[in-house]
Structure formats: structure tokens, C-alpha cells
2 protein chains.
Amino acid sequence: MLKKYQSLVNEAIPITDYMQWSIEQLTTQQISTITRLEPNINIHGTVYAGSIYAAAMATGWTVLKYWCDNHHYETQLVAAEASIKYLSPVAANFSCHSNIDITAPQYIKLVDRLHIQQSCGYLLDVEVHCNSKVCAILNIQYVFQC
Amino acid sequence: MLKKYQSLVNEAIPITDYMQWSIEQLTTQQISTITRLEPNINIHGTVYAGSIYAAAMATGWTVLKYWCDNHHYETQLVAAEASIKYLSPVAANFSCHSNIDITAPQYIKLVDRLHIQQSCGYLLDVEVHCNSKVCAILNIQYVFQC
């Protein structure tokens, strides 16, 4: 299943292949990915801030896509807006982590809306870790378009 | 000079080469860049949201780097946080545009601080255009570290 979703993301967003972004763990509620430093390096020897964002956004997209597929929702997933905080430089391969909180009011609203094939927004957080430290936090407002 | 800064950015942030990001116009106060659809495409046939962000961020970094170099400031330019709004899908090659407003209070503060070699924040906007339409707006909080 990991291989299937790895291929799916690399085909859906080919730059993830160049970035050496890969899925480590994926369930319908959580995801962890690893991205390699080398293709994403900048002049400071750390990961380019734009690559951190792109890797985290691909991570968020993947867990929501997998969740959709598992629940057989016919919907298109697009990003409406996002904000990111860079807390610490990323000087090595880094991981991205995200969870879907199924107890949150926005989750219950999402399920209700998708059941009646109505579009709905969903705010997802993705944490970027490197060397046991949280280095960035991305908040993405996705829209499930029906 | 464009060629020099094109090479400088491609070396500083190698993923800009893969993305086919290139400088069209660069002065100490403004920049325009073009990024090609093909390496940044997603499953919808439009530009991946992460690539839009990465291209816009490289654009902002470049105009501030050029401004710094021209003013001979010894400083390191890093992104502290950013937010982006996606207004419309980007279905072709796209351009990024940014201006440094030299009449703004934050510009006057920046110059004052850098003259005494003190670190300072600076908020820059980058607009993403495609087919004569504004498709995204990125706000980046940079820090000039002394």
C-alpha cells in the first residue's frame, strides 16, 4: 500500500520524485514522510525554505487523499491558503508528520458535508522534524471540492 | 547582470534549476521571474501549490539579495514565516513579481538597522500571475541577520 501511494504521489506531483520525498508510514489518520537534504539544499547547507513547504504540503495532501480514497468520497482536494513558521534550520534529512483528528468538530462537519456531496474546507497541520527537533509548522486550509 | 544572478540563485537554491525558474527583470527595487509549468505540474494539469510557493519565495529572496549586495550590507537573509493565498489555478507558465517599497516605514527602519549592523525583519509580498490574472499572493517575513 505504501508503494502504491508513493507511486501515486510521484505521478500526481512529479517534483516529489526530484525532492526525494518518500512515505514512511500511512494510515487513514496519520502520515510520516522523509525528504532528503541533498536535492533541496540551499547556500547555507540547509534545506531551502520552499522545499520544506513543498514537502510538508505533499505530506498533508497524501494523508487526506488516502483518507478520501478509503471512504470512497468523490472529491477533488485543493489548497486554498497556508501559513508556515520556520523555527529552526533543517540541516539534514527531515521528516513531516500529520494527523487527522477524528474527534475535532471540523472533522465531523467534513464527514457530514461529504456524505451529501457538498464541498467543505479542512484545516490540517503538518510538523517538520529534523534531528529530534520541530523545525517548522505548516497550517494548510484545504478544500474538498464536490 | 541577470545572468550573474540567475547563476547565483541556481547555485544557492539548486531546485530552482529543476523548476525552470528564471529571472526576467531585476533592479534594486523590483523583480519579475518566469517559471515553467512542466516540471511543476500536478495531477490536475496545473502547477503544484508547493511549487508556486517555492518559485515565489525564490523571487522574493533574489530581489532582497540583490538589494543587499548593491548596498554592501553584510547580512544573511532567512525566512521566518510566510503565508500564501491561492486565488486561481495556474494552468500555464507563470510569473512572480515583487517590489521593495522604499517609502514604507519598515524600509526606513531596515536601512537604519543595517547601517548599525543590527538584525531586522522585513515583510515582502510576492504576486503570482498567469494568463493576466493574479493567481496567488505570498507574504514572507524575512530576517536580515547581522
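Predicted model: local features only at pLDDT ≥ 70, side-chain atom pairs only at ≥ 80, totals over all residues.
Local features need pLDDT of at least 70 and side-chain atom pairs count only at pLDDT 80 or more, while totals for chains, interfaces and linings use all residues. Residues are numbered from 1 along each chain as its sequence is written, and side-chain values use heavy atoms, with hydrogens and water left out.

In helix H1 of chain B (residues 2–12), where helices are DSSP runs of H or I with at least four residues and strands are runs of E with at least two, numbered from the N terminus, the buried residues are B:Tyr5, B:Gln6, B:Val9, B:Asn10 and B:Ala12 (buried, under 20% relative accessible area; exposed, over 50%; partly exposed in between; 1.4 Å probe, protein chains only). Viewed down the axis of H1(B), these residues fall within an arc of 165° and so line one face of the helix, the arc being that of the directions from the helix axis to the C-beta atoms. B:Lys3, B:Lys4 and B:Glu11, on the other side of H1(B), are exposed. The buried residues pack against helix H2 (15–18), strand S1 (21–26) and helix H3 (49–71) of chain B, with contact taken as heavy atoms within 4.5 Å.

Between the chains, the contact takes 31 residues from chain A and 31 residues from chain B. The area buried there is about 2500 Å², of which carbon and sulfur atoms give 65%; this is the accessible area (1.4 Å probe) that the two parts lose on being put together, summed over both. A:Ile15, A:Tyr18 and A:Tyr48 supply 23% of the area that chain A buries against chain B, more than any other three residues.

Technical notes:
Chains lettered and ligands numbered in written order.
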